Amino acid sequence: MSKKPAIVIAQGSWQNANSWDRFVERLRAAGYPAEHVKLPSIGSTATPLPGLPEDVTAIRSVIARFRDAGKKVVVLGHSSGGVSGNNAIVGFDNIDGVIFLSAFAIPKGKSLVEINKGPPQPWIEMQGDRIFIRKEVSAAALYNDLDEESQSKWNQEVSHTSAALFDGISMYEPWSEGVPCGYIFCSEDKALHVPTQKEMAARLGPGVITATIKSGHSPFINMPDELVAVVAKVVGKLSQKTVS
């Protein structure tokens, strides 16, 4: 039985779940039990639309399943999934750490809306209780390092995200509770720019494990093998901190 921790993926907004398929396959091939969590806030037609609490509940159900199977877990949060992922680990004793992949790490008591001051990104569009991707301009932000054919393909694999997600209040800071944390910088990211990534990583404290991948916002799509290698290095260091 593999002693490697399970990787539970809390994805970011808008992108459909199949964006993660190749990366999950590569993680499993490398010996990591891995599961991508389908988040209720993406593409829902429920009334009212689900937000942060529902996403957190979905992630917790997966963590609980691995706990019941005797498996340690590392949560990998991408973009806005950094918030839902880190809030999901509260109360679990099988967490080896949290990795933020070009992700938001926000203070307890704050929301994504509160820390994103200034005008909205030009590639998003608010429509009532839903936030959509403006496909005519979003490829340059989300898929800038993909070829034109791939950009066109993945630019269609998106859904609306509930505005309630961005209003949800973060209730937990794992970095303040002794949980080992890592941050993976995406050096070519045009959606969450490197200075913002560094600002997020700085919140994790001096003990944060960092790594960099030369990619845009979505390395799980076009460079899954390279991302697995980077994640494996960070996971190894987090696991050592947990043991020590």
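Me: Which residues are buried in helix 2?
Reply: Leu52, Asp55, Val56, Ala58, Ile59, Val62, Ile63, Ala64 and Phe66. Buried means under 20% relative accessible area, exposed over 50%, partly exposed in between (1.4 Å probe, protein chains only). Helices (H or I, at least four residues) and strands (E, at least two) are DSSP runs, numbered from the N terminus. The model is predicted: local features need pLDDT of at least 70, side-chain atom pairs pLDDT 80 or more, while totals for chains, interfaces and linings use all residues. Numbering starts from 1 along each chain as its sequence is written, and side-chain values use heavy atoms, without hydrogens or water.

Me: What do the buried residues of helix 2 pack against?
Reply: Strands 1 (6-10), 2, 3 (73-78) and 4 (95-101), plus helix 3 (81-87) and helix 7 (163-167).

Me: And what follows helix 2?
Reply: Gly70, with a positive phi near 80°.

Me: Switching to Ser44. Where is it found?
Reply: In the loop between strand 2 (34-36) and helix 2 (52-68).

Me: Is Ser44 buried or exposed?
Reply: Buried, at 14% relative accessible area. Beyond neighbours within four places in sequence, Ser44 is in contact (heavy atoms within 4.5 Å) with Leu49, Pro50, Arg130 and His160.

Me: How many disulfides are there?
Reply: The whole-structure search finds 0. A disulfide needs two cysteine sulfur atoms within 2.5 Å.

Me: Is Cys186 buried or exposed?
Reply: Buried, at 0% relative accessibility.
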